[in-house]
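Work through the exercises below with the sequence and the structure at hand. Each task is followed by a solution in steps.

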Amino acid sequence: MPELLRLRAEHAPAVLAFESADREYFAASVTDRGDAFFDRFTERFDALLAEQEAGVCAFHVLVAEDGSVLGRFNLVDIENGTADLGYRVARHATGRGVATATVRELCRLAATRYGLETLCAATSHENIASQRVLAKAGFTPVGPADPADLGGKAGIRYRRDLRD
């Protein structure tokens, strides 16, 4: 059974394998991380852990029984009881409810572990799967998303009140 874990240093090799294996797949729906991300992965990963330690973000990985990463689920820009949700799931794990179940679990953790009251998310108009995940996880559309947040693509901004 996959397990949602807070990102730790020992996850680095599995995260790099996850990001590398599905790079083209992810780039079809979200902005590509770019060559610099992969060339300087260790430095970037260490910076993420420092941000997490500072309480600015909370990064999570969905880990399969074999230790591989099935997805990344992140709370970023944590401030004043609010954060932005971002996630990506390995191509081979899509279409089975993994993203929806894990986003729901992260919403629970956002409220109980991190004391958040509201989560926001954005997705492009083309990313129908992500729109469905957000709707099933209790998010409602609140207006247009800033294309700068979606790699220049038009999209929808969502919000979920965690106090419900």
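**Exercise 1. Contacts of one residue**

Which residues does Leu119 touch, not counting residues up to four places away in sequence?

Solution. The model is a predicted one.
- Step 1. Set aside the residues up to four places away from Leu119 in sequence.
- Step 2. List what is left: Leu119 touches Leu75, Ala83, Cys107, Ala110, Phe139, Tyr158, Arg159, Arg160 and Leu162.

**Exercise 2. The largest pocket**

Describe the largest pocket by its volume, its centre and its lining.

Solution. 
- Step 1. The volume of the largest pocket is about 1400 Å³.
- Step 2. The pocket is lined by 46 residues, of which Val30, Gly86, Tyr87, Arg88 and Ala122 are the closest to its centre.
- Step 3. Two or more lining residues come from each of helix H2 (23-27), helix H4 (41-54), strand E3 (69-79), strand E4 (82-89), helix H5 (98-112), strand E5 (118-124) and helix H6 (128-136).
- Step 4. Sorted by class, the lining of the largest pocket has 21 nonpolar, 13 polar and 12 charged residues.

**Exercise 3. The cavity**

How many cavities of 30 Å³ or more does the structure hold, and which residues line the largest cavity?

Solution. 
- Step 1. The structure holds 1 cavity of 30 Å³ or more, and the largest cavity has a volume of about 30 Å³.
- Step 2. Its lining consists of Glu19, Arg23, Phe26, Ala27, Val30, Thr31, Asp32, Arg33, Phe38 and Arg88.
- Step 3. Helix H2 gives the most to this lining, with 3 residues.
- Step 4. The lining of the largest cavity divides into 4 nonpolar, 1 polar and 5 charged residues.
- Step 5. Check the confidence as well: H2 has the lowest mean in the protein, at 84, whereas strand E2 (residues 58-63) has the highest, at 98. The protein as a whole averages a pLDDT of 93, and 99% of the residues score at least 70.

**Exercise 4. Two serines**

Are Ser124 and Ser130 buried or exposed?

Solution. 
- Step 1. Locate them: Ser124 is in strand E5, and Ser130 is in helix H6.
- Step 2. Apply the cut-off, by which buried means under 20% relative accessible area.
- Step 3. Ser124 has a relative accessible area of 2%, so Ser124 is buried. Ser130 stands at 10% relative accessibility, so Ser130 also counts as buried.
- Step 4. Beyond residues up to four places away in sequence, Ser124 touches Ser29, Gln131, Leu150, Lys153, Ala154 and Gly155. With residues up to four places away again left out, Ser130 touches Tyr87 and Thr123.

**Exercise 5. Positive phi**

Where do Asp77 and Asn80 lie, and are they buried or exposed?

Solution. 
- Step 1. Recall that most residues other than glycine have a negative phi.
- Step 2. Asp77 is not a glycine, yet has a positive phi of about 55°. Asn80 likewise is not a glycine and has a positive phi of about 55°.
- Step 3. Asp77 lies in strand E3, while Asn80 lies in the loop between E3 and E4.
- Step 4. Exposed means over 50% relative accessible area. Asp77, at 51%, therefore counts as exposed, and Asn80, at 73%, counts as exposed.

Key
Residues numbered from 1 in each chain as written. Predicted model: local features only at pLDDT ≥ 70, side-chain atom pairs only at ≥ 80, totals over all residues. Heavy atoms only, no water. 1 Å grid on protein atoms, 1.4 Å probe; cavity = no way out; pocket = protein on both sides within 12 Å on 5 of 7 lines; lining within 4 Å. Points joined across faces, edges and corners; volume = space filled by probe spheres on them. Helix = DSSP H or I, 4+ residues; strand = E, 2+ residues; numbered from the N terminus. Nonpolar A, V, L, I, M, F, W, Y, C, P; charged D, E, K, R; others polar. pLDDT = per-residue confidence, 0-100. Contact = heavy atoms within 4.5 Å. Buried < 20%, exposed > 50% of the residue type's maximum accessible area, 1.4 Å probe, protein only.
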